[in-house]
Structure formats: C-alpha cells, structure tokens
Amino acid sequence: MTVNFVVDKELAGVKVEKAIKKKYPTIPMSVIFKMLRKGEIIVSFLPAQKGQVLRFGDTVSFEIEDRFLEHKKVEIIKVYEDDNIVVIDKPYGIPSHPDSNNEYSVVSWIEDNYSKGELPQLCHRLDRNTAGLMIIAKNRQVLSEMLKYMSRRTIIKKYLCITKKADLPESGVLVHYLKKDSKKSKVYISDFPQDGYLEVVTAYKIVRQKDDLQLVDVEIKTGKTHQIRAQLAHVGLCILGDSKYGDWELNKKYKADMQALCAYYLKFEIGKKGILRYLDGQKIVKETVEFPVDIEGFSSINVYKERGLEI
C-alpha cells in the first residue's frame with residue numbers, strides 16, 4: 001500500500017520517524033527505521049534521513065504492507081483502577097510492547113483507552129506467552145515511585161505454573177546466576193557466580209501433583225528476563241508448554257504450545273510514605289487462573305479454593 005501525507009502545522013518541526021509514528025501509530029519504530037535505512041521513505045522527492053526534521057508543506061510517501069496499518073484489537077480486563085494506577089489481566093499470546101509483527105500489545109491497549117496527553121506507562125512486563133496481572137502507572141511521578149518500590153522488592157509478585165514433576169523438596173528458595181543473551185533472546189543459568197551473570201532468587205512451593213505434572217506456586221525475589229522459566233527448568237521444574245526452556249516430550253504429550261505460567265498475585269508492602277501510601281498492605285488477586293492446556297484438574301484453578309496457597 002502507498003502512503004502519502006502532507007506535513008501540517010502539528011507535524012512541522014518534528015523528526016520524520018516520530019511524525020510517521022504519530023500519524024500511523026500501528027507501524028513499529030523498527031519498521032520505520034528499516035525503511036529509512038533503505039531509503040524507502042521519500043520527503044519532498046528525496047530519500048529521508050533518520051532524524052530529519054520535517055517542514056510545513058513537505059510531502060511524505062512510502063510503500064508499506066497493509067498489515068502494518070491495522071491490528072486486531074484484543075479485550076484486556078481491568079482488575080483494579082484508581083487515580084494513579086491500573087492493574088490489568090493480560091491474556092496469553094499478547095506482547096507487553098509492540099513488536100516487528102505489529103501485533104496488538106498492552107501498549108496498544110493503553111493508547112486505545114487513555115488520552116494522548118500523558119499516556120500511562122508499564123511498570124513491568126510479562127512475556128508474550130505468560131498471562132496475568134500487570135501494573136500500569138498513570139503518570140511519570142507514579143511510574144518513578146512504583147519502579148523504586150520494585151527495585152526494593154516491596155511489591156510481592158506470585159505466579160502459578162504447571163511443571164514437570166521433579167525430585168525436589170516441597171518448598172524452597174532457589175539462588176542462581178543468570179546471563180542474558182539478547183541476540184538469541186535467551187538466558188543462561190549458572191550455579192556459581194561468573195562474569196556477566198546476575199544473581200536471581202525465586203521461592204517455590206509445590207502445591208500438588210498428578211502423574212508427571214505439578215502445580216507450583218512461585219514468588220520472585222528478583223525480576224530478570226525469563227527468570228522463572230529458566231531457573232525452574234534448571235532444577236528440573238520445566239514449565240509445561242515452554243518451547244525455549246521446557247521439556248519437548250512433555251509438551252508434545254499434553255499438546256501444550258504455550259507456557260502454563262500466570263501472574264496471579266500482587267501485594268504492596270510499600271510503607272506509609274509517598275503518593276501511593278494508600279496501597280500499603282493491599283492485595284490484588286486473580287481469582288481464577290486458566291491455563292492454556294486441556295488437563296483435568298489443572299486447566300482451571302480457583303486460587304481461593306486451592307489448598308496449599310497462601311493468599
């Protein structure tokens with residue numbers, strides 16, 4: 001599809017990449033930058049350069065696939081909202097941030113549901129194929145305060161997952177070291193400190209088991225990329241449906257192609273100071289966890305009725 005537009009007063013003085021993103025928000029920035037590198041974006045009959053400032057009356061044109069101009073919206077449920085934060089229940093299969101495939105994301109949902117003045121910001125992220133509770137800050141001040149609490153580990157986050165049965169104590173705290181490989185979009189776990197590895201701490205409790213599966217309650221003490229998935233797999237608790245760190249034979253047996261991992265619990269232990277002090281001691285709990293598998297007794301978990309969970 002050919003896209004053409006004339007730069008108006010609103011876009012005059014704006015860099016070309018930002019102007020295109022503002023006018024066509026569904027086009028990922030990575031795609032815009034790629035078109036600029038290839039000289040495919042034409043401004044007033046000449047190939048545009050990254051960072052080029054547009055002038056009033058400039059013409060902008062480029063060719064782009066139709067899929068980048070539209071996306072399928074997904075319903076996202078608000079679990080809690082006040083003047084400062086929103087807590088949503090992210091579905092499986094939805095990325096937190098837009099990606100090069102232009103799929104509908106949590107950020108897309110924010111843009112669709114809130115004013116364009118100062119858009120709410122994600123306080124943390126969940127993997128595409130992890131579902132559950134996410135905190136969104138409604139302004140920069142709240143975001144800054146929330147990130148401070150997260151760095152201090154004063155917001156407790158718990159997850160439920162279905163894992164491969166492993167010969168481990170019923171509960172424990174896992175302490176390992178994690179290194180991220182951004183090029184491979186993967187992390188590696190070590191039992192010992194090494195250069196480039198950061199400490200990761202995860203508490204777990206095996207709630208119950210059936211055959212070769214276990215329902216496991218997880219609380220993260222640190223928050224690193226793929227921490228739960230990689231660290232649990234390292235000790236034999238491979239998460240069902242995880243194609244990157246999981247057990248291929250187990251996934252095949254249960255026809256699981258999406259990880260059975262859900263963020264179901266938040267508790268604020270942030271103290272009595274700051275603009276969010278009213279949240280101190282509050283819990284936000286996802287009452288029912290629906291896993292993307294068809295297994296009797298494991299597909300749907302009512303967390304209030306599940307024996308062994310501390311809510």
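Select serine 299 to begin, and display its side chain, which reaches the backbone nitrogen of isoleucine 295 at 2.7 Å, a polar contact in the sense of a pair of N or O atoms within 3.5 Å, where within protein one must be able to donate a hydrogen and the other to accept it, and residues adjacent in sequence count only if both atoms are side-chain atoms. The model is predicted, with local features needing pLDDT of at least 70 and side-chain atom pairs 80 or more, while totals for chains, interfaces and linings use all residues. Residues are numbered from 1 along each chain as its sequence is written, and side-chain values use heavy atoms, without hydrogens and water.

Serine 299 is buried, at a relative accessible area of 17% (buried is under 20%, exposed over 50%, partly exposed in between, with a 1.4 Å probe and protein chains only).

Next, select phenylalanine 5 and tyrosine 24, whose ring centres are 6.0 Å apart with planes at 55 degrees, so the pair is tilted; rings of Phe, Tyr and Trp (its six-membered ring) pair if their centres lie within 6.5 Å, and planes under 30 degrees apart are stacked, over 60 edge-to-face and the rest tilted.

Tyrosine 265 is itself buried, with a relative accessible area of 5%.

Finally, select arginine 208, which lies over the face of phenylalanine 298 at 4.9 Å from the ring centre.

Note on methods: A charge sits over a ring if NZ of Lys or CZ of Arg is within 6 Å of the ring centre and within 35 degrees of the ring normal.
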